[in-house]
Amino acid sequence: MDTIQDENAILKEGFLVKRGHIVHNWKTRWFVLFPDRLLYYRYEGGKRESCPRGKVFLADCKVTCPCLEYENRPMVIKLKTQKSTEYFLEACSREQRDTWASSITAAIHTLRPAQAPKPDPEHSPIELHNVSLSQVADSMHDIHSGIKLMNHIEQGSSFKKCFTGSALVDWLVSLNFVVTRFEAVTLSSALMDENFVKPIGIKSIEAIRSGELSDQFLDDSTALYTFTERYKRKASVKHEVSLSAVELSGRVVIQGYLLKQDDHRPVGGFPLRGCLVSALEDNGVHSGVKGKLQGNLFKIITQNDIHYYIQATSKEERLEWISALKQLTC
């Protein structure tokens, strides 16, 4: 008979949908996470039953999240025990899925006292490497392990052979191109900037039009994307494009206050890859610049030939900004 668990030792509890072992149907259960095991109960009449329906001992278990074995169930976590028994647990949202996976993984790590605890990749520094966008795009097209193209309906409109933003983020994390969802969004944005993928749905196109850099690629299950016509799986020669470790990490290179000249539409940010950066003397300011801004100005020209005129607070700060920007635009 199982010993009674100390209620004060509960790490997390809540509803998850569990796949059956023999008959692969899915049933909602109330899960309770303890430091060494995961219990699940039937929940009826507004309360859980006193005796658990099952338990999973966490020692030497392995957590897979995201789990891509069920195309129509993107919120699934796979838990594999030391004896290779597999549990498939479905959460109600990506946030809940990732929280459960993180909590279970942390509990598993605490059961390994002989080993140093593994850092949480969401909050700890990790070693990053440059990523080839062409190789990522090739992998996305792989028949067996690539991103799955599906038909979606958004606001009454039908879109064929596309994928959601969250599906691409899950895929990038699952295949270890990145460690965190933040890095996956950065990598996805680069794939879009370099014309490997494009927005196709109403929500994803609107994010581009809004001009906010942080929101251009959406980690969203309703934002739709597809491959561009330009990119072909068997293209003969294609210019190699890589995303540097600094770009992927989102690490702050330089920060501070600047004055920016607005154009006719508000712009919250812009990609730096391929931009030209140059200092402007007082007599080098274009006539289109409004106001009487003088001194410490510099200009950024994007790949799309959009000109940004920016003013620093001093010559020294202007040189510092130009030097930092040129490192990222080369």
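Arg-73 and Glu-90 form a salt bridge, with their closest N and O atoms 2.5 Å apart; the term covers a side-chain nitrogen of Lys or Arg within 4 Å of a carboxyl oxygen of Asp or Glu. This is a predicted model, so local features need pLDDT of at least 70 and side-chain atom pairs count only at pLDDT 80 or more, while totals for chains, interfaces and linings use all residues. Residues are numbered from 1 along each chain as its sequence is written, and side-chain values use heavy atoms, leaving out hydrogens and water.

**Arg-73 and Glu-90**
- The pair links distant parts of the chain, 17 residues apart: Arg-73 sits in the loop between strand 7 (62-64) and strand 8 (76-80), and Glu-90 in strand 9 (residues 86-90).
- Helices (H or I, at least four residues) and strands (E, at least two) are DSSP runs, numbered from the N terminus.
- Arg-73 is partly exposed at 25% relative accessible area, whereas Glu-90 is buried at 14%.
- For those labels, buried means under 20% relative accessible area, exposed means over 50%, and partly exposed is in between (1.4 Å probe, protein chains only).

**Other salt bridges**
- Searching the whole structure turns up 12 salt bridges.
- Arg-181 and Asp-170 meet through their side chains at 2.7 Å, N to O. Arg-181 belongs to helix 4 (residues 181-193) and Asp-170 to helix 3, so this pair ties together parts 11 residues apart in sequence.
- Both Arg-181 and Asp-170 are buried.
- A salt-bridge network links Arg-94, Arg-97, Asp-98, Asp-170, Arg-181 and Asp-219.
- Lys-203 bridges to Asp-220, with the closest N and O atoms 2.8 Å apart. Here Lys-203 is in helix 5 (residues 202-210) and Asp-220 in the loop between helix 5 and strand 14, 17 residues apart.
- Lys-203 counts as partly exposed, at 35% relative accessibility.

- Four strands make an open sheet in the order 11-12-14-13, with antiparallel pairing (strands pair if DSSP finds at least two bridges between them).
- Strand 11 (150-154) and strand 13 (197-199) are at the edges with a single partner strand each, so one side of each has no neighbour in the sheet.
- From one strand to the next, the twist averages 50°; axes are lines fitted to C-alpha atoms, for helices over the stretch in contact, and angles run from 0 to 180 degrees between N-to-C directions.
- Strand 11 pairs with strand 12 (residues 157-164) in the antiparallel sense over four bridges, and Ile-153 has Ser-158 in strand 12 as its bridge partner.
- Helix 3 (residues 165-174) packs on the sheet and touches strand 12 and strand 14 (224-227), its direction making about 15° with that of strand 12. Contact means heavy atoms within 4.5 Å.
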